[in-house]
Amino acid sequence: MKVTLIYLGIFILLMGGVFSLMANDRSPSEKLLGDWEEVSWEYEKLDAAQGEEEWTLSKSITQQLKQEISQELAIHKAETWSFFPDGKISLEGKNGKASTLSWTLKGRGHVLKLFGHADSVEHYQIQKLTDDTMEIHFNTDLQARGIIKMTFKKINHS
């Protein structure tokens, strides 16, 4: 009888901990709201050529290659991404030129879908989303030899 009470007490404590963690966590949609500044573009994973070791290749992406990769994407020349609660996203470049698209989250909140740019739909995999950092990945078949990792830092919390 005493052992059963100990197990029941441990179970209740664990369940209370899980429920309190779940109650205090915000949804991915709420975490996305606000302004995000692009920090870096780099290869997350490289497709090394035969006989070439992946660790010998540079993972950084030059500005010219970035322009070529993103040429057909809505994120082209975007430096700041502003997510709004009404499902709109504003992409603003260094030159102050901005475009407005729509956004939604798919899957378990890990797929960012952008639409409204030239009748195309773009999907980005959210790898990391904290209150201050967002890391998204996407695949492209243009000159890129792997998966592209874009990192953002939050500059304005909503």
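**Note on surface patch and salt bridges**

1. Asp 131 is partly exposed, with a relative accessible area of 40%. In this predicted model, the residue forms a salt bridge with Arg 26, whose closest N and O atoms are 2.7 Å apart. The pair links distant parts of the chain, 105 residues apart: Asp 131 is in the loop between β6 (120–129) and β7 (133–139), and Arg 26 in the loop between α1 and α2 (28–32). Arg 26 is also partly exposed, at 32% relative accessible area.

2. A further salt bridge joins Lys 149 and Glu 42, with 2.9 Å between the closest N and O atoms. Glu 42 belongs to strand β1 (residues 34–46) and Lys 149 to strand β8 (residues 146–157), so this contact ties together parts 107 residues apart in sequence. Lys 149 is buried, with a relative accessible area of 13%, whereas Glu 42 counts as partly exposed at 27%.

3. Lys 31 and Asp 25 also meet through their side chains in a salt bridge, at 3.6 Å from N to O. Lys 31 has a relative accessible area of 16% and is therefore classed as buried, the cut-off being under 20%. The structure holds four salt bridges; those described here are among them.

4. A nonpolar patch lies on the surface, formed by Met 1, Leu 5, Leu 8, Phe 11, Ile 12, Met 15, Val 18, Phe 19 and Met 22. Together these residues have about 990 Å² of accessible area. One of them, Phe 19, is found in helix α1 (residues 2–24). Phe 19 is exposed because its relative accessible area is 52%, and exposed means over 50%.

Technical notes:
Residues numbered from 1 in each chain as written. Predicted model: local features only at pLDDT ≥ 70, side-chain atom pairs only at ≥ 80, totals over all residues. Heavy atoms only, no water. Patch = residues over 30% accessible without salt bridge, like charges linked within 9 Å, V, L, I, M, F, W, Y side chains within 5 Å. Areas by Shrake-Rupley, 256 points an atom, 1.4 Å probe, with all protein chains shown as cover. Helix = DSSP H or I, 4+ residues; strand = E, 2+ residues; numbered from the N terminus. Buried < 20%, exposed > 50% of the residue type's maximum accessible area, 1.4 Å probe, protein only.
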